[in-house]
Amino acid sequence: MIEIKSLVELLNANKMKNVSVYDLSENAEEKFVVLSTSNKVQDSKKVADIIAEKYQYNDKIEGYHKGEWIVFDFDGVTLHIFLAKVRDKYNLDKLYKPKKIRI
């Protein structure tokens, strides 16, 4: 599993806003969801490229082409990179709110 703290630091260092981490672990299985927001499609794609390279992500990056909602599915960690309007529309923060953790 990738280290959550280093992922959050990378997102913050690359213009991502409102980075939130949610712990959805059950029993012995660790599962985290990370949500972040960018101001522009270009910023979303840039950070997606950086993440793909740093973590040697070879799977398909969902949503990359359009760039409004990009999803990485690492083993045990799902990362969402949203444009603000898309994050507001789907409001996953409300769904996961009870599971929010501080990093």
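This is a predicted model: local features need pLDDT of at least 70, side-chain atom pairs count only at pLDDT 80 or more; totals for chains, interfaces and linings use all residues.
Residues are numbered from 1 along each chain as its sequence is written, and side-chain values use heavy atoms, with hydrogens and water left out.

I turn to the sheet. Helices (H or I, at least four residues) and strands (E, at least two) are taken as DSSP runs and numbered from the N terminus. Two strands are said to pair if DSSP finds at least two bridges between them. In general terms, strands of a sheet pair through backbone hydrogen bonds, either parallel or antiparallel. In this model, five strands form an open sheet with mixed pairing, and the order is β3-β4-β2-β1-β5.

The next pairing is parallel: seven bridges join β2 to β4, the latter comprising residues 77-83. Two of the contacts may be located by residue. Val33 stands opposite Thr78 in β4, and Thr37 has Phe82 as its bridge partner in that strand.

Strand β2, residues 32-38, is also joined to β1 by five bridges, in the antiparallel sense. Here Ser20 stands opposite Leu35 of β2.

How many residues of β4 are buried? The term buried means under 20% relative accessible area, exposed means over 50%, and partly exposed lies in between (1.4 Å probe, protein chains only). By that criterion, seven of the seven residues of β4 are buried. In a regular strand the side chains alternate between the two faces of the sheet. For β4, both faces are covered: Val77, Leu79, Ile81 and Leu83 are buried on one side, and Thr78, His80 and Phe82 on the other.

I now come to the charged pairs. Side chains of opposite charge can pair when their charged atoms come close. A salt bridge is defined here as a side-chain nitrogen of Lys or Arg within 4 Å of a carboxyl oxygen of Asp or Glu, and by this rule there are two. One of them joins Lys31 and Asp73, at 4.0 Å from N to O. Because Lys31 lies in the loop between β1 and β2 and Asp73 in strand β3, the pair ties together parts that are 42 residues apart in sequence. Lys31 is partly exposed at 26% relative accessible area, and Asp73 is partly exposed at 46%. Asp73 and Glu62, which are 11 residues apart in sequence, have their C-alpha atoms 8.9 Å apart in space.

The other salt bridge links Asp93 and Arg87, at 2.8 Å from N to O. Are these residues buried or exposed? Both Asp93 and Arg87 are buried.

Finally, the surface and the loops. Lys15, Lys17, Lys40 and Lys46 form a positive surface patch. A patch is made of residues with over 30% relative accessible area and no salt bridge, with like charges joined within 9 Å and nonpolar side chains (Val, Leu, Ile, Met, Phe, Trp, Tyr) within 5 Å. The place of a charge is taken as NZ of Lys, CZ of Arg, CG of Asp or CD of Glu.

Lys15 lies in the loop between α1 (4-13) and β1 (17-23). Although Lys15 is not a glycine, its phi is positive, at about 70 degrees. Gln56, likewise not a glycine, has a positive phi of about 50 degrees. This residue sits in the loop between α2 (41-54) and β3 (69-74), and at 64% relative accessibility Gln56 counts as exposed.

How values were computed
Accessible areas come from the Shrake-Rupley method with a 1.4 Å probe; for residues, only the protein chains shown count as cover. Lys and Arg count as positive and Asp and Glu as negative; His and the chain ends are not counted.
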